[in-house]
Amino acid sequence: MDAELLELMRQLEEAQQAKPSVRLSERNVVELVHKLQEHRFFDFDLLHTVTGKEYITPDQLKQEMEKEINRSGRVSLIDLADIIGVDLYYIERQAERIIAEDVGLMMVHGEIISQSYWDSVAEEINEKLQECSQMSLAEIAAQLHIGSELVASFLEPRLGTMVKGRLEGGQIYTPAYVQRITAMVRGATRAVTVPTNLPIVWNSLQQLLQDIDGASGVSVEGTFFQSIFNGLLKDGAVLGSLRAGVQWTPAVFAHAQKECVDSFFSQNSYISYDVLHKLSIPQPKQYLQMRYPDGIPLEAVFVHPSMVDMLDAAVSDAVDHGNWIDCLSVLPSYIVDADASKILSLCPSLQKATKSSSAVILGDSCVFSNAFIKGIFDQLEKELDSFIFATNQTKNPKTVPISQQQAESKDVDDDEGSNASVPEKGKKRRGKTAKGGNHDKDEDAHEIVPAKGKKNQRKSKDVGSTGGKKGSDKVKEENPNVPVEWVAEKITSLTPELEEIGDSEELIRQLAMHLRPMLLDYYKRRKNTLLSENAEKRRRLLDSLQKHLDEVVLDLQMYEKTLDLFQDDPSTSAILHKHLLKTMAAHVADQLLHTLDMDNKLKNGVEVDDGPNKTLQLSTADRTSLAKTLAGPLSAKVQSLVEALEGKRVDAFMDALRAVAEESGLLVKKLDKRVERSMLHSYRKDLTTQVSLETDSIALLPKVVALLFLQVHNKAIQAPGRAISALISHLKEKLPDTTCKLLTDYHNATVALLSLQAAAAGAEGEDCLDDRMLSKKELLEEKMPELKSLVLGLTNSEN
């Protein structure tokens, strides 16, 4: 056998040393291998190396990879590709096979790690841990270039075996160190005798460790202290209760709490919740209910049933003797009104008295017997007779004073310079001109003056009796005016002992409110006597107001319809709305307010002056004051009317006026076309007469403009002086050029004259201004006949 082996070795050596007769190139070898693979002479795959000069089988690749893994325990796939010289793709495929076959291997971020590697790492960690007593997972992860979660996953099964330590909060501690910390936590928590927040204790222990070990000492997290404490609490090494995981209450403190509460409650028969709060008992009411099931929980205190028995005896004595009692004088001073009221509700004697209406509770804590209240009522009934007599003797002021602010208001001066008030009836209204204005103000001093139609064209509808009937119905529903303050004042004088109560004013007021309904019936009977006498006066007053509204409101609606022509000119529209509100609307509102005020006083049994009705001019403050004196919904609607009067729209005023009229039982007529035609005809005739008879050159302009506007649009207009220019511009397209030019020149001269008059009023003694005024006045007087003739001619031709 040995000879044959030696012979074969010799032949191999000769074959190797012999020079081949034919040499194959690398290309031929590659082609030869390729042909062998095509003809399936190989039953395995061949892999090229990265150099392309070598072949390797998958099994050989696997063996070399396993050899390298067993050698180092942790190897990167990229390093395996460099070491073996095979493409990374084949390395990854073989790595998956190797890991699938060997459960002791794992793939972590492109690295293959064996369990032997983890064992060696665990041994190194244990050696270092025994030296420094503590290690951080983050530190180990940084050294191994892996995640902290992976470090924890491979350390946890090795703790107590290969690694002698305890993992807590991302830190590893040695058993000796854990025992040391456990002793510190046990001693600190046993030393605590009052409720304490545990993080404060842990901070103190951390500071203590730093002071003992210095800067090189081990840093301990609060979660480690908490974990050790939870273990001690579970084992019964420390006694107490833990709330919300951090609030620690020692058992010794709970025992002291219990003794303190028992002592106070047994001595006083009550205990305040504030006392329990000071003892750090978080839910005092629930705590006391559980401890004393027979007790009575109140808002601020917890009382013993004996407290109710004591109060019940005192209340029973007061009711039986026809007296009153303040329960706070019987109960401890710590009990407040709300709690006293609840204790009262538990008294059997009081429950019986209230059920039989022999006693009432006022002011939360005071009990009054009905006999005591009846005595006060008998005295007040006598006082009420003199009070009603004094009320009946109160007379209504003759007129509402006109506010001086009305005369000083600039807007009123501007809009009413020549004729701001609504014209009076008959000849006085038709004869009204613009002469009364102050020409030295500005061009607002002249305005278009309305001319009223004939009275017989608008017959009034008599609804005064309806309004009076409605007012009488309201009287029956309205409570008589017996002020609570008056009743309270009389009670104070009759029972001065009530003022000794702590909140005597509120108690007396409640007693007055209790007595007031008893006094109202008596007051109503006395008052109805006076009301029967005033019923006829109210009917006549409302009839007169209805007739006045029938006349004036139709005029107001006629002028309101004209304002629709100026919707495209907001500035002029605002001026016209404001002027109509300041003049006619204000007159209507003042007359309505004055009449409603008189009606209200008559309804309440107050005597008023039955003299002739006078035209009033009220300020906004006067109107608001009168509106507030009215009752119920009428007051709110009248206040809305006053607000609409100070607004910017006539239609809003009309809506408010209709609402007030409806609430008052009055009627606001609507302007129909037939009545409007009749009114416009009368208005044209009246205005034509005024133009023909006018001798004042300044007062002529607004009347001429109003007459031309009526001819062009068949609408009556009422405008202030500052709107004359806009009206002339509005008429230019509808009038002949000669008329427009004459009207424009006349308007410019009028404005210039008014400006000079205003300047002369502030600069007396300047002759140049007097000369220029005289010149302008002469110019107007020269153009006056021509303007009259032209306008009257146009009017006659239209007719």
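Predicted model: local features only at pLDDT ≥ 70, side-chain atom pairs only at ≥ 80, totals over all residues.
Two strands are taken to pair if DSSP finds at least two bridges between them. One of the residue pairs involved can be named: W324 has F368 of β17 as its bridge partner. The two strands belong to an open sheet of three strands, whose order is β15-β17-β16 and whose pairing is antiparallel. The edges of this sheet are formed by β15 (324-326) and β16 (359-362), each of which pairs on one side only. Between neighbouring strands of the sheet the turn is 15° on average, when direction is ignored.

The protein chain in which this sheet is found contains 33 helices and 17 strands. Of its 799 residues, 44% count as buried. When contacts between residues at least 6 apart in sequence are considered, 69% of them join residues at least 24 apart.

Another open sheet of three strands has the order β3-β5-β4, and its pairing is antiparallel. Here the edge strands are β3 (74-76) and β4 (105-108), each pairing on one side only, and neighbouring strands are turned against each other by 20° on average, direction ignored. Within this sheet, β4 and strand β5 (residues 111-114) run antiparallel and are joined by four bridges; L105, for instance, has S114 of β5 as its bridge partner. Helix α6, which comprises residues 115-132, lies across β3, β4 and β5 and runs at about 70° to β5.

A further antiparallel pairing is that of strand β10 (residues 240-243) with strand β11 (residues 247-250), which extends over four bridges. The bridge partner of R243 in this case is Q247 of β11. The hairpin made by β10 and β11 has three residues between the strands, and in this hairpin A244 takes a positive phi near 60°.

The packing of helices may be considered next. Two packed helices are described by the angle between their axes and the distance between the axes. For helix α4 (residues 77-84) and helix α5 (residues 88-101), the axes come within 9 Å and cross at roughly 120°, and the two helices are therefore oblique to each other. The crossing in which α4 passes α5 is right-handed. On the side of α4 the contact is made by L77, I78, L80, A81 and I84, and on the side of α5 by L88, I91, E92 and A95. Eight of the residues in this contact are nonpolar, none is polar and one is charged.

The crossing of α27 past α28 is left-handed. The residues of α27 that make the contact include P633, L634, K637 and V638, while those of α28 include A652, F653, A656 and E663. In total, the residues of the contact of α27 with α28 divide into twelve nonpolar, two polar and two charged.

How values were computed. Residues numbered from 1 in each chain as written. Heavy atoms only, no water. Axes fitted to C-alpha atoms, helices over the stretch in contact; angles between N-to-C directions. Parallel < 35°, antiparallel > 145°, perpendicular 65-115°, else oblique. Left-handed = near helix turned anticlockwise from the far one by under 90°. Contact = heavy atoms within 4.5 Å. Nonpolar A, V, L, I, M, F, W, Y, C, P; charged D, E, K, R; others polar. Buried < 20%, exposed > 50% of the residue type's maximum accessible area, 1.4 Å probe, protein only.
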